[in-house]
Amino acid sequence: MSEHLDDFDVEVSALATTSATPDAEGQEHGTLIPPDDATADAPPARRISLAARRPQAQRLLRAGSAITLLAVLITAVLLLPTSNREAFLRLVTPPFPTATPQPGNDAFLWEHTVPWGQLFIDGKPGPDVSGSAVRQSDGLPEGAVFHLARGHHTIEYRAAPFPTLKCVLTVPVERGDTCPLERTGDFSFLTPTAPATRLLDLQATVDRLPKAQADALVAAAQAELTSLAASLPVGSLTPGDHYLDGA
């Protein structure tokens, strides 16, 4: 019986009463009297089923298991090394919708480079970014873009003593991309036919140098200016003034 205990039903209903009535021979017989009108108007019989509680308990158990599994997954992701975590997030994070590719989504400009810096793409030497990405064409500025194939790419810019920049780009763009982009300026005039062109910030700026390196650069620049001033005729160069050479 204990195996089926949670499946039984209990029904609660009004009880009929009996009345003793003598017959013609003087013997009493019990007569079944149904419930009175007040009892007849009572709510229908209530049925209490323990089995009905089982689906609710199962739902609560499944919800608790799902929450526990999610907590374990989040903890595991947080414990991964940074590089592995980024790769895992790129794997499970859906990319941006690309139903309507924009012209130039594989094109890149660059800024904040130095003449001796080198750009590497997927471990191989990339385009020459030692100069400016802006060049003159028929007297008008034009962007000297480079293009990347569809998919994920590792970008590395080396220009010691500036810190090495290493990041990830995707064609077309995805949420997991890590390369810094210039978003504050308007450079669309450089690539008017390719509005999705991205401007890479390769971050070779003085403010990113270690303090010792920055101080040495300022000292070298000051020494060069002092030497230049000493070679010019006295009084021809006044601090704070601006000059235009013959060119």
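The model is predicted: local features need pLDDT of at least 70, side-chain atom pairs count only at pLDDT 80 or more, and totals for chains, interfaces and linings use all residues. Numbering runs from 1 along each chain as its sequence is written, and side-chain values use heavy atoms, with hydrogens and water left out.

**Overall composition**

The chain holds 4 helices and 13 strands; helices (H or I, at least four residues) and strands (E, at least two) are DSSP runs, numbered from the N terminus. Of the 247 residues, 21% are buried, where buried means under 20% relative accessible area, exposed over 50%, and partly exposed in between (1.4 Å probe, protein chains only). Among contacts (heavy atoms within 4.5 Å) with a separation of 6 or more, 59% join residues 24 or more positions apart. The chain exposes about 18,200 Å², of which carbon and sulfur atoms supply 60%; accessible areas come from the Shrake-Rupley method with a 1.4 Å probe, and for residues only the protein chains shown count as cover.

**Sheets**

Strands of a sheet pair through backbone hydrogen bonds, either parallel or antiparallel. Here two strands pair if DSSP finds at least two bridges between them. Strand β11 (residues 151-159) is joined to β12 by 8 bridges, and H152 stands opposite T170 in β12.

Another open sheet consists of 3 strands ordered β10-β5-β13, and its pairing is mixed. The edges are β10 (146-147) and β13, each pairing on one side only. Strand β5 (residues 107-111) and β10 run antiparallel over 2 bridges, with F146 in β10 as the bridge partner of F108.

**Disulfide**

With a disulfide taken as a pair of cysteine sulfur atoms within 2.5 Å, the count comes to 1. The sulfur atoms of C167 and C179 are 2.0 Å apart. Because C167 lies in strand β12 (residues 162-171) and C179 in the loop between β12 and β13, the pair ties together parts that are 12 residues apart in sequence. The torsion about the S-S bond is about 90°, so the disulfide is right-handed. Both cysteines, C167 and C179, are buried.

**Salt bridges**

Side chains of opposite charge can pair when their charged atoms come close. The structure holds 3 salt bridges, each a side-chain nitrogen of Lys or Arg within 4 Å of a carboxyl oxygen of Asp or Glu.

| Salt bridge | Closest N to O distance |
|---|---|
| R158 and E156 | 3.1 Å |
| R198 and D177 | 3.5 Å |

R198 is buried at 9% relative accessibility. R158 is partly exposed at 39%, whereas E156 is buried at 18%. D215 and K211 both lie in helix α4, 4 residues apart, about one turn of the helix; D215 is partly exposed at 41% and K211 is exposed at 63%.

**A loop residue**

Q203 lies in the loop between β13 (198-201) and α4 (211-231). With a relative accessible area of 18%, Q203 is buried. Not counting residues up to four places away in sequence, Q203 touches E111, H112, L165, P180 and R208.
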